[in-house]
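Colleague: Please take a close look at one part of this model for me. I would like the contact between two of its chains, described in one go.

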Amino acid sequence: MTGFEGATLAIDLLNITLLTILFVVAIAIARLRSLFAIVMLSGIYSLVSATWFVALDAVDVAFTEAAVGAGISTALFLGAMVLTSRTAKAEKGAARIVPLLVVIATGAILIYATIDLPGFGDPTSPANTGVGVEFIERTYPEIAIPNIVTAVLASYRGFDTLGEVGVVFAAGLAVSLLLGFGERSLGASVREEDRLNALKKDEEKS
Amino acid sequence: MKGDHHVILRVVAKALIPIIALYGFYVHFHGEYSPGGGFQAGVILAVCVILYSLIFGIAPTMRAITPGFARFIAGLGFIIYVGVGFWALAMGGNFLDYDALFREEPGGHLGQHTGIIVIEIGVLFAVAGSMVTIFYAFAGRVSEIRDEDW
Amino acid sequence: MLEFILERGNYWAIIGLMMIGLYIAFASTNLIKRLIGLGLFQTSIILFYISLSRIDGGTAPILFGKDYKKDKGHGDGDGYGDAGEHAGDAAEHGAHAADAAYGAAKAYGEAGMANVYSNPLPHVLMLTAIVVGVATLAVGLAIIVRIREAYGTVEADEIRAMDLEVAIAEAAADAEQRKAGAA
């Protein structure tokens, strides 16, 4: 499967282009003050990173990121924005310098740590040997479905996924406990309206 | 909301929403052979409901899919998932051990396939129900912001 | 040297994105913008994991070609003669061999597959991380909405000032009460 020099060059160019777009979007988010623009740009950031996931062969992750990051998150942010505020206050003076220094220091430490990391796309790196190879080899004889990611997600790591589903369910529960379906929510008023309409209809009949 | 300000949006959405829902189910049931699965399909189905409520208003959406139904679906999905685990326990295997579901000979894959399909349905229900519940909680809240704040 | 930089340029770019997200989360006082900064940070971490899982010349981890064709005879039912037996063998004895080989870390070339696939494990972990991320994000946003209703603002410094005011007023009231009790 290897051996196309042109293909690797194209992938490199794709990587550089997508990372540049990500940088531009991230810096724009940092500098903007209109929350509507920020929320829309964060959706764009998710969509561009989903494109990059496809270039990195992670199609399932790309799918999820496109559906969740660019779809649901943006809708939730807009919903929360309507309920809170439209513009962010500009940060000023020390509130800008101190975080910048902290962030630069953290970034320098992390970049120092990457020197020991295996190179990009290295097939012999510790992360890419061992259990990952086991999953690829065993999925066909043990489970016999072609999508290894689904096999690992649903079968090998089924207990883990059960926990994730529990977290999602608990989050839904927590949000409805925080915001409620009580007297302040539309759910109650819709039900009330329906009840009144039904009463009216009954009266008309009688 | 006045007049047919959004007539193009409404017409397009009416044609598009069933297709999106169909695509969601395709992603779900094709998840073993191509990218996709319960998580993605659940989110896509929730997006269907959200799109409908953004265009036709939250009240008609809540009449079609009531908040209680969304919460019920979310809980049901989790119960289905746990149920598969207990099914495997009842058949003498470990929790969520799909090989034990039908007490197959080694090399049979029926248990694995059934287990994966059933738990993916559980994931689909739980994710779709939770996402719709979360969206309803935000959208159903009465806004306190005046229009001048925009 | 150039190769060293090219091999790690991806990581450095991702760390840069991560730091922009961290800066937004630190510097901005608006709570919603902070959550967006955290979201940027999270997406960058996912990018990092996925770029670690990539294999040069590999493809998406979905079995195809020879790796999956041998399954066809087994799936049909009538091919149980050899294909099914082979699969059973693989499940029984193959598992043994795989266990033995597990100790010695195997590289991708030795995986015994016709095609090269990228590492599926980080994909699974990140896939669930994204979904859990949006769930926790929703809880955070719900808390922000409640903060807005309680304080009338979502700017962290204004909220802190209000809290401080209330605390000072309470302390003053306490001191007065104690004085009254002593008298």
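What follows is an account of that contact and of the salt bridges.

Modeller: This is a predicted model. Start with the extent of the contact between chain C and chain A. Chain C puts in 98 residues, and chain A puts in 96 residues. Interface size is often expressed as the accessible area lost when the parts come together. Here, chain C and chain A bury about 9000 Å² between them. Carbon and sulfur atoms give 73% of that area. Three residues stand out on the side of chain C: C:Tyr23, C:Lys33 and C:Arg54. Together they supply 8% of the area that chain C buries against chain A, more than any other three residues.

Now the polar side of the interface. The rule finds 18 residue pairs in polar contact across chain C and chain A, both partners at pLDDT 80 or more. H5(C) gives the largest share, 24 residues. By class, this side of chain C has 63 nonpolar, 18 polar and 17 charged residues.

Next, the charged pairs. Side chains of opposite charge can pair when their charged atoms come close. The whole structure holds seven salt bridges over all chains. Two salt bridges are found across the interface of chain C and chain A. In one salt bridge, A:Lys89 meets C:Asp157, with the closest N and O atoms 2.9 Å apart. A:Lys89 sits in the loop between helix H3 (59–83) and helix H4 (94–114) of chain A, while C:Asp157 lies in helix H6 of chain C. A:Lys89 is partly exposed, at 26% relative accessible area. C:Asp157 is partly exposed too, at 24%. The pair belongs to a network of salt bridges that links A:Lys89, C:Asp157 and C:Glu158.

For context, consider two pairs inside chain A. A:Arg138 and A:Glu134 form a salt bridge at 3.4 Å, N to O. Both lie in helix H5 (residues 131–143) of chain A, four residues apart, about one turn of the helix. A:Glu134 counts as buried, at 6% relative accessibility, whereas A:Arg138 is partly exposed at 21%. A:Arg157 pairs with A:Asp160, the closest N and O atoms being 3.1 Å apart. A:Arg157 is partly exposed at 27%, and A:Asp160 is partly exposed at 28%.

Definitions and conventions:
Residues numbered from 1 in each chain as written. Chains lettered and ligands numbered in written order. Predicted model: local features only at pLDDT ≥ 70, side-chain atom pairs only at ≥ 80, totals over all residues. Heavy atoms only, no water. Contact = heavy atoms within 4.5 Å. Buried area = accessible area lost by both parts, 1.4 Å probe. Salt bridge = Lys/Arg side-chain N within 4 Å of Asp/Glu carboxyl O. Polar contact = N/O pair within 3.5 Å; in protein donor to acceptor, adjacent residues only side chain to side chain. Helix = DSSP H or I, 4+ residues; strand = E, 2+ residues; numbered from the N terminus. Nonpolar A, V, L, I, M, F, W, Y, C, P; charged D, E, K, R; others polar. Buried < 20%, exposed > 50% of the residue type's maximum accessible area, 1.4 Å probe, protein only.
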